[in-house]
Amino acid sequence: MLPHALGATALAVAALAVLPAATAQARSPFGFDTYSFPPSAADAVSLTVRAPSHATARQVAVFLNGKDVTVSLQPVPDTDTLAGTVTGLVPGANTLELRPRANAAAVARLKVHVITAADCNSARLGSDIDPASIGEPVSAVTLTSTTWTAATASNQAFCRVNGSMAPIDPAAPNINFGTTLPARWAYRYAQMGGGGMNGSIPALAGAAYNNRGMATAGSDSGHQFVGGNAWALNEEAIKNLGYMQMKKTYDAARVLQQRAYGAAPQHTYWFGSSQGGREGLTMAQRYPEAFDGVSVQVQIVNFSSLMLGPVLLRQQEIALANWVTQAKRTAIATEVIRQCDGLDGLFDGLINNYQACRAIFDVNQGTPNRQPWAAKRCPGNIDPNPADTSANACLTDGQIETLQFTHTPYLFATPLAHDNPRFGMWLPGTDPGGSGLIVPTRYRGQEGAAANAPLYTHLGIVGVTGFLFQDLNANALDYVEGGPLNDRRVEISAWLDATDPDLRPFKNRGGKLISVIGTNDTLASPGAQLDYYQSVLDTMGRGSVDQFARLWVLPMTNHGLGGSSYNVNGAGEPNAPFPIPNGHDRVTMIVDWVEQGVAPPKAPTVTAGARSLPMCSYPAYPRYLGEGRPATEAASYECTVD
């Protein structure tokens, strides 16, 4: 039930803001607004420079290593900027200066360090790293290879360094990691998160990062896909997955940047989705001094409970009468649309008002003993046609009980790490059986299963059998909430869960956070994600949070933040599905905020083709304003909380 690798989300290359301090709250009148490194010219940098006015923009001068290169720049119509491509970068350190006039002192500087293939070798970069340089314990760090990759049509050249970190416990696996060092380095570093249960190094040196002059790094988190799951019984390996490998990789990459360029990065970023999103939140929570900007998507928050969540569903279905079958998926989705589609002011097959929809189907909210599925109940609790796959299929009392369990937060016997009292489960949506929420199989220990039926398994099952039971052959359905494994539950949650709502240390040292989740996500738990958002607001206050974080929600999008409207609307009318707007440039957003002090709007416009919507900050949602406004345009909606 855990997400597959989404940590290297493809993003288009775009120019982005540079160099003022990470804590800056406002831009200076002059500056290097954007820059990138065109792959086609190894000595070039593409620039946009900013001045206070049109008149001043015509007078500014740009110098590269003391030489006036202003002739390479041209005014950008209707702006106070100049843009163009400057050539003449040389191996080693380079400095670009922006001056109000050619004979004036510099008012802004941009540094670029250039390396070549001759620098990409063990003689320059070394064959090992002193374990004392790594902030979490390792016994050795070995650099296993260095490889130079020449520029392509879309990506500048870079040096790739691979390495391995040996554990303290000799029974634990090594951590394999990789670092890329771009030919033209902008004193920036970006660490990439993993996906699923990890086990491999994520993609590095994507053009969206490399062409911005970012060194990158990532690791396999301290275990490998090959070799079985014995690592899941090792405490050091579990802690590596949970938090230590991220800091270890960060520290190793920092050493390599110092060796390659003779300097440490000035701006540091984390990018990750899913598991990689949890890792980014963990870094902000545990190591607030490491990253200036953290950009995460569809992040796992309650990792230990997400691995257990599917097991809890299968336990709920131990009684055969409680088994929700695949045949019911259309009926369930259509009923959710019927009750929730119009809550945003528009019948369009799109559930924007996710909070109100959650409240309808969470039976712990509202009037006691509510029956949100009453309209779908089989007469007399007898299903006349269990094979009916249509929207008209009915649900038995046991199936309704399971659906209520799925959409109501699960209360722990005792609070887990950071005093977290519950797991938020899944929101009602249009993919009720996605990612194994509904299964076609009866498993060992369930009523009606054969004696030799398979043990229940899913993507994160080793987090239950290995981490929790400490027995890879255990039947996960034997778990008892609050039973003999309760102390172990609490213990591993402290290693694995990114649920600490107090981000003040990260904020206070200038950190910026961007988070985006989707409410139709069946891999991560949208309920847990929304609960985490709320805990941050409760702990820090809205005003404080808005100063350093954006907690965005894309309603009815899935684990890849994609999705389409449903094929019928809430009035039961046919609906031509359309893609849900989701397009935004998260790299530019976080870099502009960190380096220029330009915060993203609380409700930026996202797009999909000709459609657009506002992407609202939790707990707001996009409500249609009505009165004949075009439903395809973001201006026809407002972010509101009912």
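**Notes on the salt bridges**

1. Let's start with Arg377 and Asp397: they form a salt bridge, with the closest N and O atoms 2.5 Å apart. Arg377 sits in the loop between helix 8 and helix 9, while Asp397 belongs to helix 9, so the pair ties together parts that are 20 residues apart in sequence. Keep in mind that this is a predicted model.

2. How exposed are those two? Arg377 counts as partly exposed, at 39% relative accessibility, and Asp397 is partly exposed too, with a relative accessible area of 32%.

3. Next up is Lys328, which pairs with Asp383 in a salt bridge whose closest N and O atoms are 2.6 Å apart. This one links distant parts of the chain, 55 residues apart: Lys328 is in the loop between helix 6 (303-316) and helix 7 (329-340), and Asp383 is in the loop between helix 8 (354-361) and helix 9 (397-406).

4. Is Lys328 buried or exposed? Lys328 is buried, with a relative accessible area of 0%. Asp383 is buried as well, at 16%, because the cut-off for buried is under 20% relative accessible area.

5. Glu627 and Arg629 also make a salt bridge, and here the closest N and O atoms are 3.5 Å apart. Glu627 is exposed, with a relative accessible area of 74%, whereas Arg629 counts as partly exposed at 30%.

6. As for the overall tally, the count comes to 21 salt bridges.

Note on methods. Residues numbered from 1 in each chain as written. Predicted model: local features only at pLDDT ≥ 70, side-chain atom pairs only at ≥ 80, totals over all residues. Heavy atoms only, no water. Salt bridge = Lys/Arg side-chain N within 4 Å of Asp/Glu carboxyl O. Helix = DSSP H or I, 4+ residues; strand = E, 2+ residues; numbered from the N terminus. Buried < 20%, exposed > 50% of the residue type's maximum accessible area, 1.4 Å probe, protein only.
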